[in-house]
Amino acid sequence: MQFYQDGFHPGDPRISHPADRVIAPPLKQPLPKQVDVMIVGCGPAGLNLAAQLSKFASISTSIVEQKDDRLLVGQADGIACRTMEMFEAYDFADHIKQEAYWVNETAFWKPDAEQPEQIARSSKIQDVEDDLSEMPHVIINQARVHDAFLEVMRHGSRKIEPHYSRQLLDLTVNHDDADYPVTLTFERLDSQHLGVIETVKAKYVVGCDGARSTVRKSIGRELVGDSINQAWGVMDVLATTDFPDIRLKSAIHSSNEGNMLIIPREGGYMVRLYIELDKLKNNERLSKQNITTDYLIAAANRILHPYTIDVKEIAWWSVYEIGQRLTTAFDDSDETHLPHVFLAGDACHTHSPKAGQGLNTSVNDTWNLGWKLAHVLTGRANTELLKSYSFERQTVAQQLIDFDREFSKMFSAKPKSATNPEGVDPAEFQKYFVQFGRFTAGTAIHYPPSDLVSTGQYQGLATGQTIGMRFHSAKVTRLADAKPVHLGHSLKADGRWHLIAFAGQQDAMGDQCRINALCDFLQNDTTSPIARVTPKEADIDAIINVQAVFPAPHREMDMANIHPLLQPAKGPYGLKDYEKVYSAVCEGKSFYDQRGIDKANGCIILVRPDQYVADILPLDDYTGIKDFFEKVLTTQG
């Protein structure tokens, strides 16, 4: 898609007239007196959490925002591959892909060896390695992602609309109150109700309210870290230029004028410029009032020499100082109390924006927390499950801080030369960029062993699906309709666990088929986790979704031979679900070869509601299945 050629306008670019893109703000309703979950902050972390919880009709959720309306112009606009995989679970990844800029290559520029005062391209590399993800790395206005989450919230089983113009004044936790232990006090900021005080009692609160988080301060947590005394300016511009790589992500190191990162934007015309400014002195804070857009444009032209850029319009700009900070804890728990207040996103970790990890790490925080809150509030799991949020996400945040500190230092350093032997060789920066490509793509997250992640005794049965990491999708052929589909796209944002059975060579859906035997156990045995955890009135796949993949081509199989558990009757009419059985062979490739599935023996892969591999087991390890789910899920009546 191409747009913005007539100037930048927020909203849906499919709507030609900018005035028609305006969405009326929701009615200014009073806050409820009591809620199960109160989310403070309508950034990406908060909206992602609200979108997840909107799937559950029985959970009352409220989300508040200090601003007076939804976001129109974003700041954190880089969307990693892993985040796009998450968007697919909400069914809006295709929309984002169509509208966004795809980051396919990265160009590296350094001082020209013969004319050091000018820059010259040193290389171009592929931005994301082959088969890292079925999803691209994209750039899109953060506000458009917010709009997609808002749409999910509006259409969920529990319809959720944000309450804008609310400032959190106070938060207290009373652990003696077993029902609603958290009390929040808000002041209304809208002109019709200016100064009105509202009090809400909640079972759980999630602070997604940014680096200056009131929620964090209320529970006595603080951000700890430092700044590297480096200032940067950032602009989204519509411009003309003779710089040849303006539509490629470009890392530029000049000899004496500083460094710059170019990020092309969606629509084909706009581009983001990250421009290095002078280093700050010790204990000096950056003042935006001291920097002008003219200053940034002039700095960009000095760095780009011998090329020039003529800025026609500035859609958004800002200045910032680089720092890495991490909160002392991600919740309010202590040795005697389970958590009731959680922190997510910038409320618990801050860093530079150049590696594009802010939004991506933030939404992964609440992607981890959302299903756990839903499990506890719907009675699927005990409250101890909530301790795993801080256990898993704090480690990830520390890894991000460590990566960002090194990345920022290398990018901000002057190029190594005869006159600057202590500088950074641009080739080393490129090597570091490639080395940590999986981290920046969001696919390197690896949760440690716990009740939710096994120790990996049977990892060898599926070497390409690492326990503790996200389920790595690939294409399969759906048996019922011969449609090529990504297996990972069946793992939706609905809070369900997934048991994916991969048949071995000896399995052919006959009497000796271990897939059939597994399904008999899961459907009929009184000790089966499905029998134990599924509510009597619910569909059989409401808590644990069972699917099967066979190594044979789809035309060699017959739906008539498929076990009833793999085509269950669902809903009030008892209609069959035909979308649970697949052939591993698709478009000339086999899922078994692509993801290291043991062809002779097959296996079971247990996948968490957040799409992370929890365990890998032999097809006939019924005890292993029972033992895993007994640690996580409660028995239902």
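Strand S28, which spans residues 613-617, is mostly covered in this predicted model, with 5 of its 5 residues buried. Its pairing partner is strand S27, made up of residues 603-607, and the two run in the antiparallel sense, joined over 4 bridges. Within this pairing, valine 607 has valine 613 of S28 as its bridge partner. The hairpin that S27 and S28 form has 5 residues between the strands, and in this hairpin glutamine 611 takes a positive phi near 75 degrees.

Once its neighbours within four places in sequence are left aside, serine 123 is in contact with Thr106, Ala107, Phe108 and Gln430. As a general point on strands, the side chains of a regular strand alternate between the two faces of the sheet.

The cysteines can be taken last. With a disulfide requiring a pair of cysteine sulfur atoms within 2.5 Å, the count comes to 0 disulfides. Cysteine 348 illustrates this, for it is in no disulfide, and the nearest cysteine sulfur, which belongs to cysteine 208, lies 8.4 Å away. Cysteine 348 has a relative accessibility of 0% and therefore counts as buried, while cysteine 81, at 1% relative accessibility, counts as buried too.

Definitions and conventions
Residues are numbered from 1 along each chain as its sequence is written. This is a predicted model: local features need pLDDT of at least 70, side-chain atom pairs count only at pLDDT 80 or more; totals for chains, interfaces and linings use all residues. Side-chain values use heavy atoms; hydrogens and water are left out. Buried means under 20% relative accessible area, exposed over 50%, partly exposed in between (1.4 Å probe, protein chains only). Two strands pair if DSSP finds at least two bridges between them. Contact means heavy atoms within 4.5 Å.
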